[in-house]
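Hello,

Here is the structure I promised to pass on. Please look it over, then read my notes below.

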Amino acid sequence: MENRLYALVNYGHIEIHLKELMDAQQISRNALARAIDTRFEVIDKWYKGNVEKIDADILARICFVLQCTPQDIVKYKKDAPD
């Protein structure tokens with residue numbers, strides 16, 4: 001097996017902006033969790049922006065209840081070049 005050197009590429013990152021939408025609509029994490037039929041812990045991760053993998057079904061339910069689009073919640077940000 002040969003040794004290879006790999007360069008790390010800075011692809012940017014994803015930001016979750018659910019907190020802002022929920023605060024604007026004055027909906028609690030408990031209320032949203034009940035409305036979309038999921039656990040509080042799931043919404044809490046989204047609220048705090050700690051989502052590791054985006055579940056499209058959860059995102060669709062959130063959008064339905066908050067009457068928004070995925071683009072309102074999920075944002076791609078380019079990182080500054082090194």
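A term to start with: a residue is buried under 20% relative accessible area, exposed over 50%, and partly exposed in between (1.4 Å probe, protein chains only). This is a predicted model, so local features need pLDDT of at least 70 and side-chain atom pairs count only at pLDDT 80 or more, while totals for chains, interfaces and linings use all residues. Residues are numbered from 1 along each chain as its sequence is written, and side-chain values use heavy atoms, with hydrogens and water left out.

Met22

Met22 has 0% relative accessibility, so it counts as buried. Met22 sits in helix α1. Helices (H or I, at least four residues) and strands (E, at least two) are DSSP runs, numbered from the N terminus. Leaving aside residues up to four places away in sequence, Met22 touches Ile27, Ser28, Arg29, Leu32, Ile43, Tyr47 and Leu66. Contact here means heavy atoms within 4.5 Å. Met22 and Leu32 lie ten residues apart in sequence, and their C-alpha atoms are 8.5 Å apart in space.

Helix α1

Helix α1 covers residues 18-25, and its buried residues are Leu18, Leu21 and Met22. Seen down the axis of α1, these fall within an arc of 95°, so they line one face of the helix. That arc is taken from the directions from the helix axis to the C-beta atoms. In general, an α-helix has 3.6 residues a turn, so residues three or four places apart point the same way. The buried residues of α1 pack against β1 (13-16), α2 (29-35), α3 (40-48), α4 (56-66) and α5 (70-73). After α1 comes Gln26, with a positive phi near 50°.

Cysteines

How many disulfides does the structure hold? It holds zero. A disulfide is a pair of cysteine sulfur atoms within 2.5 Å. Cys63 is in no disulfide; its nearest cysteine sulfur is that of Cys68, 4.0 Å away. Cys63 counts as buried, at 8% relative accessibility. Cys68 counts as buried too, at 15% relative accessibility.

Largest pocket

The lining of the largest pocket consists of Val42, Lys45, Trp46, Val51, Glu52, Lys53, Asp55 and Ile58. A pocket is an open set of points on a 1 Å grid over the protein atoms alone, where a 1.4 Å probe fits, with protein on both sides within 12 Å along at least five of seven lines; lining residues have an atom within 4 Å of a point. Helix α3 gives the largest share of this lining, three residues.

Best wishes
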